[in-house]
Amino acid sequence: HMYLGQRGATKLAAKVVKGLPEKYMYPHPDMCTIKHEDHAQCLKLVQKAMEDDAQKEQVTKLYETVGVYLGYALAQYCEFYKIDHVMILGRVSKGAGGDIMLSTAKKVLETEFPEFAGIQFHTADDHFKAVGQCIAAAALPTLKK
């Protein structure tokens, strides 16, 4: 859980975001708890830095790294499951950074695991990405026995 999603991004934030408050720098104790609030606030600062031309190049590297994590994770999941489609949700997938993350994950699959290059990524609009995991979990159908 320290490599995918907002925790994967916030773990790397101190390396690329200028002026990041110390409490958002991993492994600060506030960033090593089960609470997600500090990670959410840190990720907002990462996304804001992505919009700053002076920081964009460095922050892009963060999203590329998380994309590599995602690509390799999907390849590993494919060892156990047949995966054709992946729904990408969560705040880390929002905006230009999220697009970079997904294109990097796709490149990893195409280059390192061509047998999985056909996996299709599906996304929602940015608002749904931010809250979509909760909505998706609440909307899961009941399995019939």
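Two salt bridges turn up in this predicted model, and they make a handy way in. One of them pairs lysine 82 with aspartate 84, with the closest N and O atoms 2.9 Å apart. Lysine 82 is exposed, because its relative accessible area of 71% is over the 50% cut-off. Aspartate 84 has a relative accessible area of 39%, so it counts as partly exposed. In the other bridge, the side chains of lysine 35 and aspartate 38 meet at 3.8 Å, N to O. Here aspartate 38 is buried, because its relative accessibility is 11% and the limit for buried is under 20%. Lysine 35, at 43% relative accessibility, is partly exposed. As background, side chains of opposite charge can pair when their charged atoms come close.

Now step back to the overall fold. The protein has 5 helices and 2 strands, and from the N terminus on the order reads α-α-α-β-α-β-α. Of its 145 residues, 40% are buried. If you take contacts between residues at least 6 apart in sequence, 66% of them join residues at least 24 apart. The accessible surface comes to about 8,900 Å², and carbon and sulfur atoms account for 56% of that.

What sits inside? The largest nonpolar core has 34 residues, and Val46, Leu62, Tyr63 and Phe121 are the ones with the most contacts inside it. Two or more residues each come from helix H1 (5–16), helix H2 (37–50), helix H3 (56–77), strand S1 (85–88) and helix H4 (95–112). Which element gives the most to this core? That would be H3, with 7 residues.

H3 deserves a look of its own. This helix has 22 residues and spans 31 Å from its first C-alpha to its last, close to the 32 Å expected at 1.5 Å a residue. Its buried residues include Val59, Leu62, Val66, Leu70 and Leu74, and the buried set packs against H1, H2, S1, H4 and strand S2 (120–123). Tyrosine 63, also buried in H3, shows how this works at the level of one residue. Setting aside neighbours within four places in sequence, tyrosine 63 is in contact with Leu43, Val46, Gln47, Met50, Val92, Gly97, Gly98, Ile100 and Met101.

Alanine 105 has 0% relative accessibility, so it counts as buried. Beyond residues up to four places away in sequence, alanine 105 touches Gly67, Leu70, Gly71 and Phe121. Gly67, Leu70 and Gly71 are among the buried residues of H3, while Phe121 is one of the residues with the most contacts inside the core. Alanine 105 and tyrosine 72 are 33 residues apart in sequence, yet their C-alpha atoms are 7.7 Å apart in space.

Is glutamine 6 buried or exposed? With 17% relative accessibility, glutamine 6 counts as buried, because the limit is under 20%. Leaving out neighbours within four places in sequence, glutamine 6 is in contact with His36, His39, Ala40, Leu43 and Val92. Leu43 and Val92 are also on the contact list of tyrosine 63.

One last stop is the loop between H1 and H2, where proline 27 sits. A cis peptide bond joins tyrosine 26 to proline 27, with omega at about 10°. For context, most peptide bonds are trans.

Methods:
Residues are numbered from 1 along each chain as its sequence is written. This is a predicted model: local features need pLDDT of at least 70, side-chain atom pairs count only at pLDDT 80 or more; totals for chains, interfaces and linings use all residues. Side-chain values use heavy atoms; hydrogens and water are left out. A nonpolar core is a set of buried Ala, Val, Leu, Ile, Met, Phe, Trp, Tyr and Cys residues joined through side-chain atoms within 4.5 Å. Buried means under 20% relative accessible area, exposed over 50%, partly exposed in between (1.4 Å probe, protein chains only). Helices (H or I, at least four residues) and strands (E, at least two) are DSSP runs, numbered from the N terminus. Contact means heavy atoms within 4.5 Å. The expected span of a helix is 1.5 Å times one less than its number of residues. A salt bridge is a side-chain nitrogen of Lys or Arg within 4 Å of a carboxyl oxygen of Asp or Glu. Accessible areas come from the Shrake-Rupley method with a 1.4 Å probe; for residues, only the protein chains shown count as cover.
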